[in-house]
Amino acid sequence: LSYPQLVLDEYLRLMLYNAPAARIFQLSPTALGESLLALPTPLDLTDLRAQLEGVVANGTVVQREFCGETSYVLEAVPYIDELGARKGAVLTFIDNTDIRRAQAELAAGAQRLQASERFIRSTLDALPMHVCVIDAQGVIIAVNRAWREFMETN
C-alpha cells in the first residue's frame, strides 16, 4: 500500500511526488518547482502555509485532517538532508474516508438507539400499573414512573 507523498523544498515548492499523490493533486512533471499552494487539488489547503513553514523552520510535525468527499489525514515532517539540515518537508496523505463514514454511521446509530430508549421509557412511564423490567439473571434494569412514585411514598 503506497500513500500519496509529496516532498517540498524550504520554499514549499514541489520537488518529488509519487503516483498516488499525482492522482490527488492532478500532477504532471511540469508541476515540479511549483508552489504546493498553487497546485490544483480538491483539498482545502487554507492556512497550511504557516504550518508547513513551521515544519521547515522548527522541525515540528504537523498532523491535519481534510474532510470532504474523500477525507485525508496529512502528516508533514521535516525533510532532512545527509548533513542533518532541514531542507523542506515530506507530506504523507492517509485516506481515512472509510473511518469517517463508519464514525458517521455509528453516530447515527447511537442517535437512533437514544430515540428508541426515550420511546421505551415514555411508554413504560405512561402505564398506570407498577412495571419492573428484569434481565435473565433477575436483576432489575428498569422501572416505570408508577413504580418509582410508589417506592418514594412507601
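The protein has four helices and seven strands, where helices (H or I, at least four residues) and strands (E, at least two) are DSSP runs numbered from the N terminus. Walking along the sequence, the order is β-β-α-α-β-β-β-α-β-β-α. All of this comes from a predicted model, in which local features need pLDDT of at least 70 and side-chain atom pairs count only at pLDDT 80 or more, while totals for chains, interfaces and linings use all residues. Residues are numbered from 1 along each chain as its sequence is written, and side-chain values use heavy atoms, with hydrogens and water left out.

What about the overall shape? The radius of gyration is 28 Å, whereas a compact globule of 154 residues would come out near 15 Å; the radius is taken over C-alpha atoms, and the globule rule is 2.2 Å times the number of residues to the power 0.38. Along the principal axes, the C-alpha atoms fill a box of roughly 80 × 30 × 30 Å. Of the 154 residues, 31% are buried (buried means under 20% relative accessible area, exposed over 50%, and partly exposed in between, with a 1.4 Å probe and protein chains only). The exposed surface comes to about 10100 Å², with carbon and sulfur atoms supplying 56% of it; these areas come from the Shrake-Rupley method with a 1.4 Å probe, and for residues, only the protein chains shown count as cover.

Next, the inside. In soluble globular proteins, nonpolar side chains tend to be buried together. Here, the largest nonpolar core has 26 residues, and those with the most contacts inside it are Leu-6, Phe-25, Leu-36, Leu-91 and Phe-93. Such a core is a set of buried Ala, Val, Leu, Ile, Met, Phe, Trp, Tyr and Cys residues joined through side-chain atoms within 4.5 Å. At least two residues of this core come from each of β1 (5-9), α1 (19-25), α2 (48-58), β3 (62-66), β4 (72-80) and β5 (86-95).

Helix α2 has its own share of hidden residues: Leu-48, Leu-52, Gly-54, Val-55 and Val-56 are buried. The buried residues of α2 pack against β1, β3, β4 and β5. After α2 comes Gly-59, with a positive phi near 80 degrees.

Most residues other than glycine have a negative phi. Leu-12 is not a glycine, yet has a positive phi of about 65 degrees. Leu-12 sits in the loop between β1 and β2 (14-17) and is buried, at a relative accessible area of 2%. Gln-26, also not a glycine, has a positive phi near 55 degrees. Gln-26 lies in the loop between α1 and α2 and counts as exposed, at 55% relative accessibility.

Ser-122 is partly exposed, at 41%, and Ala-108 is partly exposed, at 29%. Ala-108 and Ala-89 are 19 residues apart in sequence, with their C-alpha atoms 38 Å apart in space. For Ser-122 and Arg-145, 23 residues apart along the chain, the C-alpha separation is 9.1 Å.

Technical notes. Contact = heavy atoms within 4.5 Å.
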